[in-house]
Amino acid sequence: MNNPRPAGLPEIHSESWDRLSRYCSVCGIELVEQFGWGYEGLVYSTVSKSAIKAFRHRELYENELKVYLRLRDHAVKAAHEFAVPRLISWNDEFLVIEMTIVSPPFILDFAGAYLDKRPPFDDEQLQEWEEQKMEQFEDRWPIVRSALSFFKGHGIYLNDVKPGNVTFGDEDSWGSDASGRS
Ligand SMILES: Nc1ncnc2c1ncn2[C@@H]1O[C@H](COP(=O)(O)OP(=O)(O)OP(=O)(O)O)[C@@H](O)[C@H]1O
Ligand SMILES: [Mg+2]
């Protein structure tokens, strides 16, 4: 039986919710609380202390799964001081990925990452991108950049690098623009 859609669930996530709900019924999983309703994903914690992300688009699901499989194969649990979720299970029919819950500081959300190839940006675009990241992360940008290099060492080129996906955990106490601008 499907769980009723939560009040206030954005319309764009209705279908993902129905899939998530069916997946949980089939696997006997009980959801606890909502972690996030981003652009692509609907993320909930479960009673078994895991996190489940349901995707809107198969392509992005497949992309994120490939990255998690790479991280699993390389036994990556952290990128320097950042915790990285570990893959628990996935389902190609319901487009869900179950992973461990991480606490800040963490890096997650690999739906937009490039695997074994650099993002297709020229030098000027890369420079603009880096300037934007320096504004977002301020004096913490070198820490973030060093974590990005760590991922590159595993063939993973993160593209959706922003507060939220890169969380230090004390965002309220620094900077004025650390709350999710892409
Ligand atoms: N494994 C996890 N452990 C702890 N928190 C998590 C986990 N997965 C997701 N979250 C929380 O849920 C939020 C949304 O997850 P995620 O970034 O993967 O979804 P998204 O839809 O791609 O988000 P957006 O499009 O807004 O970047 C994260 O910013 C984080 O706060
Ligand atoms: Mg995100």
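Student: By class, what does the shell around ligand 1 have?
Tutor: Keep in mind that this is a predicted model. The shell consists of 18 residues, with Gly 36, Gly 38, Tyr 39, Gly 41 and Asp 109 being the closest. Sorted by class, they are ten nonpolar, five polar and three charged residues.

Student: Which strands each supply at least two residues of that shell around ligand 1?
Tutor: Good one to check in your viewer. The strands in question span 31–37, 41–46 and 50–55. They are S1, S2 and S3.

Student: What is the order of the strands in the open sheet?
Tutor: Start from the edges, S1 and S6 (87–91), each of which pairs on one side only. Neighbouring strands are turned against each other by 20 degrees on average, direction ignored. With five strands and antiparallel pairing, the order reads S1-S2-S3-S7-S6.

Student: Which residue in S7 stands opposite Ser 89?
Tutor: S6 and S7 (residues 96–100) run antiparallel and are joined by four bridges. One facing pair is Asn 91 with Val 96. For Ser 89, the residue opposite is Glu 98.

Student: Which residue in the turn of the S6 and S7 hairpin has a positive phi?
Tutor: Four residues lie between the two strands of this hairpin. The phi in question is about 55 degrees, and the residue is Leu 95.

Student: At about how many degrees to S3 does helix H1 run?
Tutor: H1 covers residues 14–27 and lies across S1, S2, S3, S6 and S7. Relative to S3, its direction is about 135 degrees.

Notes
Residues are numbered from 1 along each chain as its sequence is written. Chains are lettered from A and ligands numbered from 1 in the order in which they are written. This is a predicted model: local features need pLDDT of at least 70, side-chain atom pairs count only at pLDDT 80 or more; totals for chains, interfaces and linings use all residues. A residue is near a molecule or strand if its C-beta atom, placed from the backbone, lies within 6 Å of it. Ala, Val, Leu, Ile, Met, Phe, Trp, Tyr, Cys and Pro count as nonpolar, Asp, Glu, Lys and Arg as charged, and the others, Gly among them, as polar. Two strands pair if DSSP finds at least two bridges between them. Axes are lines fitted to C-alpha atoms, for helices over the stretch in contact, and angles run from 0 to 180 degrees between N-to-C directions. Two residues are in contact if their C-beta atoms, placed from the backbone, lie within 7 Å.
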